[in-house]
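Work through the exercises below with the sequence and the coordinates open. Try each task before reading its solution.

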Amino acid sequence: MSTYVLVHGAWHGSWCWKRVRSALQAMGHEVFTPTLTGVAERSHLLSPHVDLDTHINDVANLIRLEELSDVVLCGHSYGGAVISGVADRIPERVGALVYLDAFVLENGQSLHDSLPAPMRDIQLEQAAQSGDGWKVPPIPAEGFNVNPKDRDWVNRQCTPQPLATFQQPLRLTGAIEGIRNVTFILAAAWSPAPFSYFREKAVAKGWRTVDMQCGHDVMLDMPDELTRELAAVVVQRTASA
């Protein structure tokens, strides 16, 4: 059996993984779904000082202090930037990476550097108008094409995101390049979205790629299918060991 660390995206929390977490645990896997500082049940820690490094430390420290190894590290959306930072800092503990409809940033690049200008400008305007200049209100579930049954629940659960997490550049040493087992999963039924570009990069790098016909929150729209894809990563890794 394997160890999974599943990292949520912006405005979300551990709650969004509950279906996939339960399914993987039922298969006998060990599963961690940390909530990043400042959102969801940790929203009482929200401050202008919470940035990308804070969230990288959240996950890296979890892996270190739980003494995890050979981790399948999955990041959704903004969580892609987080797992890249974690994998670069502690590559010896990571067995595979999964970018789930996620940002795959280069060294020195911030999420806002890779976001289409209209999307970035909307976030900056919202932060200025209703977020005290430093926090971004959640994008409504409808905007992510979340399935209709879950939309009201998702809108109740999401909380503001610190703007600094989108603006701080990711710093990579190159250690992440030693991790060869990488998968990119695209949510193909959400448009317009910035992630097709990252899928193309994944293909060019020779990564395993998967297209899923659902909205951005894949873990809510297609939890059973996503669980199978995550389990397949373990099979692929074991077969190549």
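This is a predicted model: local features need pLDDT of at least 70, side-chain atom pairs count only at pLDDT 80 or more; totals for chains, interfaces and linings use all residues.

**Exercise 1.** Determine how helix α2 and helix α3 are oriented to each other, and find the residues that form their contact.

Solution. Step one is the geometry: α2 spans residues 52-65 and α3 spans residues 79-89, and the two pack at an angle of about 55° with their axes 9 Å apart. Step two is the class of the angle: values under 35 degrees count as roughly parallel and 65 to 115 as roughly perpendicular, and α2 and α3 are therefore oblique to each other. Step three is the handedness, and the crossing of α2 over α3 is right-handed. Step four is the contact itself: α2 supplies L52, D53, H55, I56, N57, V59, A60 and I63, while α3 supplies A81, V82, G85, V86 and R89. Sorted by class, this contact of α2 with α3 holds eight nonpolar, three polar and two charged residues.

**Exercise 2.** Identify the residues with the most contacts inside the largest nonpolar core, then list what L73 touches.

Solution. The largest nonpolar core contains 82 residues, and V5, L73, L97, Y99 and L226 have the most contacts inside it. Leaving out residues up to four places away in sequence, L73 touches V5, V7, V59, I83, V86, A87, V94, A96, L97 and V98. In soluble globular proteins, nonpolar side chains tend to be buried together.

**Exercise 3.** Is P192 buried or exposed?

Solution. First locate P192: the residue sits in the loop between β7 (182-187) and α8 (195-205). Exposed means over 50% relative accessible area. P192 has 61% relative accessibility, so P192 counts as exposed. Finally, P192 and F144 lie 48 residues apart in sequence, with a C-alpha to C-alpha distance of 9.6 Å.

Key: Residues are numbered from 1 along each chain as its sequence is written. Side-chain values use heavy atoms; hydrogens and water are left out. A nonpolar core is a set of buried Ala, Val, Leu, Ile, Met, Phe, Trp, Tyr and Cys residues joined through side-chain atoms within 4.5 Å. Buried means under 20% relative accessible area, exposed over 50%, partly exposed in between (1.4 Å probe, protein chains only). Contact means heavy atoms within 4.5 Å. Helices (H or I, at least four residues) and strands (E, at least two) are DSSP runs, numbered from the N terminus. Axes are lines fitted to C-alpha atoms, for helices over the stretch in contact, and angles run from 0 to 180 degrees between N-to-C directions. Angles under 35 degrees count as roughly parallel, over 145 as roughly antiparallel, 65 to 115 as roughly perpendicular and the rest as oblique. A crossing is left-handed if the near helix is turned anticlockwise from the far one by less than a right angle, and right-handed if clockwise. Ala, Val, Leu, Ile, Met, Phe, Trp, Tyr, Cys and Pro count as nonpolar, Asp, Glu, Lys and Arg as charged, and the others, Gly among them, as polar.
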